[in-house]
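Take a look at the model below. The text after it starts with terms, then goes through the parts one by one.

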Amino acid sequence: MGAVIAIDLGLKRIGLALSYGNGLVTPLPAIERKNRNQAANDVKKVLNEYEATAVVIGIPMGSTTEDEMRRRVAHFMNLVEFNGEIAYQDESHSSQEAEALMRGEIRYKRDGRIDSLSAKIILERYLKNTSTCGKAATDY
């Protein structure tokens, strides 16, 4: 399995995490989002740098905004021009989990660490689901 990159797509920052399918997930530096095209280009650079074969994107499954988020994510990924597998993973409460992990750290800064920890949690959930189910719980 090639690299899998998780994306926590936000309006101000984009959290990223990386795994090679071995169960280890590493947060990557978040991308500051100035505009859609700049953000898409920066994400594309990361996907190319790590030779990603799959992307896992967190969305709020089961919420009233799920359909709208799927449309936004699809549009964003079209801008990224990624040709690999794209999977969706429920991101519910991942930001709260990430903030809990950061407690005790130096005062919470808006530097993207929370966003990338959220992406790490999203990717860990995805990998757990794919290993326990034998197949991915994804949409294409």
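Helices (H or I, at least four residues) and strands (E, at least two) are DSSP runs, numbered from the N terminus. This is a predicted model, where local features need pLDDT of at least 70, side-chain atom pairs count only at pLDDT 80 or more, and totals for chains, interfaces and linings use all residues. Residues are numbered from 1 along each chain as its sequence is written, and side-chain values use heavy atoms, with hydrogens and water left out.

Start with D115. This residue lies in helix α4, residues 113-133. Buried means under 20% relative accessible area, exposed over 50%, partly exposed in between (1.4 Å probe, protein chains only). D115 counts as buried because its relative accessibility is 15%. Contact means heavy atoms within 4.5 Å. Setting aside neighbours within four places in sequence, D115 touches D8, R13, G15 and A30.

Now move to helix α2. Its buried residues are E66, M69, R70, V73, F76, M77 and V80. Seen down the helix axis, they fall within an arc of 130 degrees, so they line one face of α2. That arc is taken from the directions from the helix axis to the C-beta atoms. The cover over these buried residues includes β1 (3-9), β2 (13-19), α1 (36-49), β4 (52-59) and β5 (85-90). Exposed D67, R71 and N78 sit on the face turned away from the buried side. Just after α2, E81 takes a positive phi of about 60 degrees.

Two strands pair if DSSP finds at least two bridges between them. β2 and β3 (residues 25-32) pair in the antiparallel sense, over six bridges. S19 stands opposite V25 in β3. Five residues lie between the strands of this hairpin, and G21 takes a positive phi near 80 degrees.
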